[in-house]
Amino acid sequence: MKRIIIIFAAVAALTVSCKKDETQNVDNTAQAARFNAWIRVNHPNAPRTTLGSYVISEKKGNGGRVGDATENLYVQLEYTRTQLSGQITGYTSSDIAKQLNAYDSTHFYGPRIINRASSQNITGLEESLCEMNIGGSRKLAIPGWLTSYPSYATEEEYFKKVSGTDVIFEFTVRDAFNDVNEWECSQIEKYILEQGLPLEKFTRDTTGFYYLTTSSPEIGKEFNDDDTFTIHYTGARLDGQVFDSSVRKTYVDAGLNPAGKEFKPVTITYNKEADKVKFGSGSAIKGFSMALSKMRPGENVTVIFMSALGYSSQGGSDSGLIPAYCPLRFDIRMTDYTLKSETTE
């Protein structure tokens, strides 16, 4: 359970790692010769971009303009990344995972969100995004010196300052937006309606937290700080994939490995302040803690919240299971509770 619920730090890079040295020049002469020779042999008619990538193929999009990062800070991409040799080094497609014998039924496959102002983005990709519309696709040959986060103004500066691996980056822009929180809330509300849940009965706050009482609490009873109660819970992505549960059958049926995990009600030490709620002997991600701090004796709830209250831009420790910018759903069932005020009367 703690593998998912307890807070931790994790970094999942979606694009190309590279080495950049701003204190001294690098010599890309030999690499440039090899890259240009590959282009001449394989794609001699590919148009060259201003900075030096090559557009192998392109399909125009009919959606809105992507523009630069000031217009749309976030893009949602489907992509495949390969080396010039053809070896696949990154992808978002389940079909490719199956071809590589790397498919995991619990993992998320599909478009990923990239923050264009972070190291998730690379110069060769960013240059193309600025020229594209939503729905558009490109297949790019990107030289190694354009595989860093955008930092320089000219092709010459990249060539002299950046070293990296040449890549083929094939991608489709599925969406582009400037406010990821607003975008996630729209996805949450769409999900609630698609699931047939009563959107009007959810309590929502400005943090992107949606709270629904599914079983009425005991009338006239409230928790005070340090009261305790026990719960069973299940956490899932909005595509339905469970990533954690205190119920063995739910966990196993989701395709998760139960080895080393305990399946029993979790004891919660209540506090009105979410960050002071104790989940067993530890703490939970913020959205889950917020739910626990709002619960009343005997109440069962469903909560859905945006990634800023979960695993944010980094995703979970297994980023295939919980990717970056992933809203989450928790169903929480209270199994017992103890009110100190009643035990001391």
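These exercises work through a predicted model of a single chain.

**Exercise 1. Confidence**

Task: State the mean pLDDT of the chain, and find where pLDDT stays under 50.

Solution: 
- Start with the whole chain. Its mean pLDDT is 92, and 92% of its residues reach 70 or more.
- pLDDT stays under 50 over residues 1-23.
- The model still has 73 contacts beyond four places in sequence for residues 1-23.
- Decide how to treat them. Where pLDDT is low, predicted coordinates should not be read in detail.

**Exercise 2. Overall description**

Task: Describe the chain by its secondary structure, extent, surface and charge.

Solution: 
- Count the elements. The chain has nine helices and 16 strands.
- Take the extent. The C-alpha trace spans about 85 × 40 × 40 Å along its principal axes.
- Take the surface. The accessible area is about 16700 Å², and carbon and sulfur atoms hold 47% of it.
- Take burial. Of the 345 residues, 47% are buried.
- Check contact range. Among contacts with a separation of 6 or more, 72% join residues 24 or more positions apart.
- Finish with charge. There are 37 positive and 42 negative side chains, and the centres of the two sets lie 4 Å apart.

**Exercise 3. Salt bridges and their surroundings**

Task: How many salt bridges does the structure hold? Classify both partners of the bridges Arg 65 to Glu 71, Arg 116 to Glu 126 and Arg 138 to Glu 131 as buried, partly exposed or exposed.

Solution: 
- The total is 16 salt bridges.
- Side chains of opposite charge can pair when their charged atoms come close.
- Buried means under 20% relative accessible area, and exposed means over 50%.
- Arg 65 and Glu 71 pair with their closest N and O atoms 2.9 Å apart. Arg 65 has 51% relative accessible area, so Arg 65 is exposed. Glu 71 has 36%, so Glu 71 is partly exposed.
- Arg 116 and Glu 126 meet at 2.7 Å, N to O. Arg 116 sits in the loop between strand E5 (112-115) and helix H4 (123-129), while Glu 126 is in helix H4. The two are ten residues apart. Arg 116 is buried at 2%. Glu 126 is buried at 11%.
- Arg 138 and Glu 131 meet at 3.0 Å, N to O. Arg 138 is buried at 7%. Glu 131 is partly exposed at 49%.
- Glu 58, Lys 60, Glu 131 and Arg 138 are linked in a network of salt bridges.

Technical notes. Residues numbered from 1 in each chain as written. Predicted model: local features only at pLDDT ≥ 70, side-chain atom pairs only at ≥ 80, totals over all residues. Heavy atoms only, no water. Salt bridge = Lys/Arg side-chain N within 4 Å of Asp/Glu carboxyl O. Buried < 20%, exposed > 50% of the residue type's maximum accessible area, 1.4 Å probe, protein only. Helix = DSSP H or I, 4+ residues; strand = E, 2+ residues; numbered from the N terminus. pLDDT = per-residue confidence, 0-100. Contact = heavy atoms within 4.5 Å. Areas by Shrake-Rupley, 256 points an atom, 1.4 Å probe, with all protein chains shown as cover. Lys, Arg positive; Asp, Glu negative; His and termini not counted. Charge placed at Lys NZ, Arg CZ, Asp CG, Glu CD.
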